[in-house]
Amino acid sequence: MCIFLASLVLAAASVLISASAASAATVRTANWSGYAAAGAHNLVQATWVQPTVSCTSGSQYSSVWVGLDGYNSSTVEEIGTEADCSNGTPVYYAWYQFYPNQRHTFSHPVHPGDELTAISHYNAVLNSYDMGILDYTGSWSEHPSGAASGPPPSSAEVIVGLPPCDSGCIQPLANFGTVSIQEALVNATSLAAANPSQIVMVTGAGQNKDTVSALSNGTDFSATWVRAG
């Protein structure tokens, strides 16, 4: 892992129902859950095991990703994995996005149970983003990069949520069971040290779509599916 992360550092705007960028209070959103830290952070990373989705019929969606920006800005530099249901069939893949530009999908296969690490890094000298994702189980990695299109990042996130919908809609949340996030770091120190806000997805009626645990060891948490929406 250390070699991978060292090589990277030489990455869906959220629909907030209620939030305070300056506080660590719980935030309720329609499409994000996990943790977000406001501030001029330039690196975020985390490790997780790809969850298994339970599909019945229809199409539902879920993502796990790390990113810079998006919590209190209109751009996001994010990278992660997808666990969806397409007409009742499970679909898994990895992707990255310089939101609001379209997402890009990697061709490598992703399977339930794969262990992955992802990182999004802002290079202030070059005013660019270097992102990366490593699938330890599948023995592949990708390292997309791109020039910054706006000011330096104003937040860092580790998120379990829904992918952006072109029309601004909120899609049904796929039943991902429980996904465990480990080794979540901001600026190469624990996520907790960045004083993040906990985020929970809710329906328009205020019902939880998932639950999010407290941070353990400052770097670990889990999210558990409750309902599609």
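Which residues line the largest pocket? The close-ups below take this up, using a predicted model in which local features need pLDDT of at least 70, side-chain atom pairs count only at pLDDT 80 or more, and totals for chains, interfaces and linings use all residues. Residues are numbered from 1 along each chain as its sequence is written, and side-chain values use heavy atoms, leaving out hydrogens and water.

**View 1. The largest pocket and its lining.** Gln-97, Tyr-99, Pro-100, Asn-101, Gln-102, Arg-103, Pro-163, Pro-164, Cys-165 and Asp-166 form the lining. Its residues divide into 5 nonpolar, 3 polar and 2 charged. The volume is about 170 Å³. (A pocket is an open set of points on a 1 Å grid where a 1.4 Å probe fits, with protein on both sides within 12 Å along at least five of seven lines; lining residues have an atom within 4 Å of a point.)

**View 2. Asn-123 in strand 9.** Strand 9 (a DSSP run of E, at least two residues) spans residues 115–123 and includes Asn-123. Asn-123 is buried, at 14% relative accessible area (buried means under 20%, with a 1.4 Å probe and protein chains only). Its side chain reaches the backbone nitrogen of Val-125 at 3.0 Å. Not counting residues up to four places away in sequence, Asn-123 touches Ser-128 and Asp-130 (contact means heavy atoms within 4.5 Å).

**View 3. Val-179 in the largest nonpolar core.** This core (buried Ala, Val, Leu, Ile, Met, Phe, Trp, Tyr and Cys joined through side-chain atoms within 4.5 Å) has 44 residues, and Val-179 is among those touching the most other members. Leaving aside neighbours within four places in sequence, the contacts of Val-179 include Trp-48, Val-64 and Phe-221. Apart from this core lies another, of 10 residues, including Trp-32 and Tyr-71.

Conventions:
Points joined across faces, edges and corners; volume = space filled by probe spheres on them. Nonpolar A, V, L, I, M, F, W, Y, C, P; charged D, E, K, R; others polar. Helix = DSSP H or I, 4+ residues; strand = E, 2+ residues; numbered from the N terminus. Buried < 20%, exposed > 50% of the residue type's maximum accessible area, 1.4 Å probe, protein only. Polar contact = N/O pair within 3.5 Å; in protein donor to acceptor, adjacent residues only side chain to side chain.
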